[in-house]
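These are my notebook entries on one protein model.

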Amino acid sequence: MAQLRVSATLQSFKLQSFFFNSNLSSFNFHHHHSLPIITLPSPTPTICYNTNINKSDLISQLELGKPEQKRKPEKRVNGIFWIILLNIGIFVADHFFKVNGVKALYLYHNWPVWYQFVTATFCHANWNHLSSNLFFLYIFGKLVEEEEGSFALWISYIFTGVGANLVSWLVLPRNAVSVGASGAVFGLFAISVLVKMSWDWRKILEVLILGQFVIEKVMEAAQASTSLRGGYALQNVNHIAHLSGALVGVLLVWLLSKVPSNPSEP
């Protein structure tokens, strides 16, 4: 009986030896007091990389991390370009294609029609007159539109232009004809200054430098527009329109400042 137990023990030991010998590359043996101690190899960690990151998701995460002032949406400026195109279109129809009826858009002081106070602000005597007005119209009109929007730009242009033509009609001789956007240009200049006005001395100096340049250039363009059309004298330098356009712009800003704004909701 004891012999059978010894045989079984030897057989078991042989099987275990066979198993260990077949995996010597994976196991390390340490002998301590002639007893085998088996050390299992440490498992290698597996790292999984997610290569399916959506680029748009990454960009959106970066955008959300930006401060609010850096993500301020830009305002699209369209109104000033439509006003410029309208001025150019009427000039081309009048001076190049000689379209009948365009001359009826001028403001004739001896017998004015109500719509001429508006349409005359889109008419010009010659190219020098037009190009100078368009240059300053773009600068100051763009400033007004960026601050107040397209609707406010159109209202400002028409309101100051009509006001300048109305004062000119009241003051100037009956044989005069008024054309040009100079009154509206001075009005937009005044509005653009007032909406951005601050008591910083640098801003005041900037306004003075730019203001005298505008006055000089617009008056030069108005002088270049002198001519005779059908027995009517086109006004040489309409200082009245320039000054009244600026004053109407100041009046418009003052009136709008008196309009109560809607109370902010809690």
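**Entry 1: Ala-241**

I began with Ala-241, which counts as buried at 7% relative accessibility. For this term I used relative accessible area: buried is under 20%, exposed is over 50%, and partly exposed lies in between (1.4 Å probe, protein chains only). Ala-241 is placed in helix α9, residues 239-258. Helices (H or I, at least four residues) and strands (E, at least two) are DSSP runs numbered from the N terminus. Setting aside residues up to four places away in sequence, I found Ala-241 touching Ala-164, Ser-168 and Gly-183; contact means heavy atoms within 4.5 Å. I also noted Ser-178, 63 residues from Ala-241 along the chain, with 9.0 Å between the two C-alpha atoms.

**Entry 2: Basis and overall counts**

I record that this is a predicted model, in which local features need pLDDT of at least 70 and side-chain atom pairs count only at pLDDT 80 or more, while totals for chains, interfaces and linings use all residues. Residues are numbered from 1 along each chain as its sequence is written, and side-chain values use heavy atoms, with hydrogens and water left out.

I listed 9 helices and 6 strands for the protein. Of its 266 residues, 31% are buried. Among contacts with a separation of 6 or more, 74% join residues 24 or more positions apart.

Val-248 is in contact with Phe-159, Thr-160 and Gly-163, leaving aside neighbours within four places in sequence.

With neighbours within four places left aside, Val-250 is in contact with Ala-190 and Leu-194. I read 9.3 Å, C-alpha to C-alpha, between Val-250 and Leu-188, which are 62 residues apart in sequence. For Val-193 and Val-250, 57 residues apart along the chain, the C-alpha separation is 9.6 Å. Val-193 is found in helix α7 and counts as buried at 18% relative accessibility.

**Entry 3: Helices α5 and α7**

How do α5 and α7 cross, and at roughly what angle? Their axes come within 9 Å and cross at roughly 30 degrees, α7 being residues 182-195. Axes are lines fitted to C-alpha atoms, for helices over the stretch in contact, and angles run from 0 to 180 degrees between N-to-C directions. The contact includes Phe-136, Leu-137 and Phe-140 of α5, and Leu-188 and Phe-189 of α7. I counted its residues by type as 10 nonpolar, 5 polar and 2 charged. Here Ala, Val, Leu, Ile, Met, Phe, Trp, Tyr, Cys and Pro count as nonpolar, Asp, Glu, Lys and Arg as charged, and the others, Gly among them, as polar.

**Entry 4: The nonpolar core**

The largest nonpolar core has 32 residues, of which Leu-137, Tyr-157 and Leu-188 touch the most other members. Such a core is a set of buried Ala, Val, Leu, Ile, Met, Phe, Trp, Tyr and Cys residues joined through side-chain atoms within 4.5 Å. I found that α3, α5, α6 (150-171) and α7 each supply at least two residues of this core. Beyond neighbours within four places in sequence, Leu-188 is in contact with residues including Leu-137, Val-144, Leu-153 and Tyr-157.

**Entry 5: Aromatic rings**

I found 10 aromatic pairs in the structure. Rings of Phe, Tyr and Trp (its six-membered ring) pair if their centres lie within 6.5 Å; planes under 30 degrees apart count as stacked, over 60 as edge-to-face and the rest as tilted. Phe-81 and Tyr-138 form a tilted pair, 5.9 Å centre to centre with 50 degrees between the planes. Phe-81 lies in helix α3 and Tyr-138 in helix α5 (residues 127-148), so the pair ties together parts 57 residues apart in sequence. Phe-81 is partly exposed at 40%, and Tyr-138 is partly exposed at 32%. Ring pairs also link Phe-135, Phe-136, Phe-140 and Phe-189 into a cluster.

**Entry 6: Lys-98**

Most residues other than glycine have a negative phi. Lys-98, not a glycine, has a positive phi of about 50 degrees. Lys-98 is in the loop between α3 (79-95) and β3 (107-108), and counts as exposed at 57% relative accessibility.
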